[in-house]
Amino acid sequence: MAGRPPDDAAGGTMGEFVRLEVSDGVGTIRLDRPKMNALDAQMQREIIEACGEADRRDDVSAVVVYGGERAFAAGADIKEMAAMSYQDISRHAHLLQAFTRSLAALGKPTVSAITGFALGGGCEVALATDVRFAADNAKLGQPEILLGIIPGAGGTQRLARLVGPAKAKDLIYTGRFIDAHEALAIGLVDQLHPADEVYLKAVEWAAQFVGGPALALRAAKSAVDRGLEVDLQTGLEIERSEFAALWATDDQSAGMDSFIENGPGKATFTGS
């Protein structure tokens with residue numbers, strides 16, 4: 001059926017609730033904890049494992065994060081968290097940030113394919129990918145304030161960096177859900193598609209990087225992400241270092257030789 005990962009996906013990480021499916025160079029990190037992909041501690045650990053494998057595998061050029069046709073992820077497992085003491089949550093908060101950090105640190109292009117709800121921790125998962133494609137009927141938000149808490153898996157930081165502090169504060173202070181069209185208007189998502197097409201559109205975006213210069217893509221992601229965390233001059237030094245380091249790669253030679261001989265866009269890269 002349209003919008004689902006292929007049945008013939010190559011083997012990958014197969015957790016109980018999270019699996020990495022690989023097909024034609026694109027990895028799909030599939031969230032699958034019925035009914036709404038509530039992100040409990042086990043699921044968070046399985047996301048870390050799937051991200052690690054996707055980062056290591058040479059046959060994965062880019063990654064789609066997908067929660068299925070019903071929901072991307074409706075948030076953290078509130079029943080699990082409600083039973084925790086202050087001491088428990090102090091330890092668990094490290095895992096909360098670790099699983100989204102693992103996704104943000106994945107050194108390959110990443111895209112969320114958002115269907116249904118992406119709320120709380122689910123929205124924070126989406127924030128940790130490079131770009132976000134949403135179904136035109138999706139709902140997004142950071143409703144933690146309605147529970148007397150705040151986002152804890154990166155929402156206060158990544159959302160503000162993405163849409164600006166005023167819009168982020170509005171969403172976090174009110175806890176309101178926004179529809180996909182408002183999410184697009186404020187820059188929370190990058191593309192809207194019909195619900196039955198959003199996964200396929202995300203795979204199409206990811207597939208353009210198959211056979212690409214993997215080390216240059218990793219360097220570009222590192223330079224942008226690390227640069228956002230520092231002042232401009234330090235960011236420029238990060239860029240300079242990443243730029244110069246690519247002269248130690250075969251892909252740089254192949255790309256420039258091909259450009260000189262055949263013009264742009266015709267190089268064959270090996271990822272080395």
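Buried residues are those with under 20% relative accessible area, exposed residues those with over 50%, and partly exposed residues those in between (1.4 Å probe, protein chains only). The model is predicted, so that local features need pLDDT of at least 70 and side-chain atom pairs count only at pLDDT 80 or more, while totals for chains, interfaces and linings use all residues. Residues are numbered from 1 along each chain as its sequence is written, and side-chain values use heavy atoms, with hydrogens and water left out.

**View 1. Ring pairs link Phe133, Trp205 and Phe209 into a cluster.** Rings of Phe, Tyr and Trp (its six-membered ring) pair if their centres lie within 6.5 Å, and planes under 30 degrees apart count as stacked, over 60 as edge-to-face and the rest as tilted. The structure holds five aromatic pairs, among them the edge-to-face pair of Phe133 and Trp205, at 6.3 Å centre to centre with 75° between the planes. This pair links distant parts of the chain, 72 residues apart, with Phe133 in strand β6 (residues 131-135) and Trp205 in helix α8 (residues 198-207); helices (H or I, at least four residues) and strands (E, at least two) are DSSP runs, numbered from the N terminus. Both Phe133 and Trp205 are buried. The planes of Trp205 and Phe209 lie at 75° with ring centres 5.0 Å apart, so this pair is edge-to-face. Phe209 counts as buried because its relative accessibility is 17%.

**View 2. Arg30 belongs to strand β2 (residues 26-31).** Arg30 has 14% relative accessibility and therefore counts as buried. Its side chain reaches the backbone oxygen of Gly67 at 3.3 Å.

Note on methods:
A polar contact is a pair of N or O atoms within 3.5 Å; within protein, one must be able to donate a hydrogen and the other to accept it, and residues adjacent in sequence count only if both atoms are side-chain atoms.
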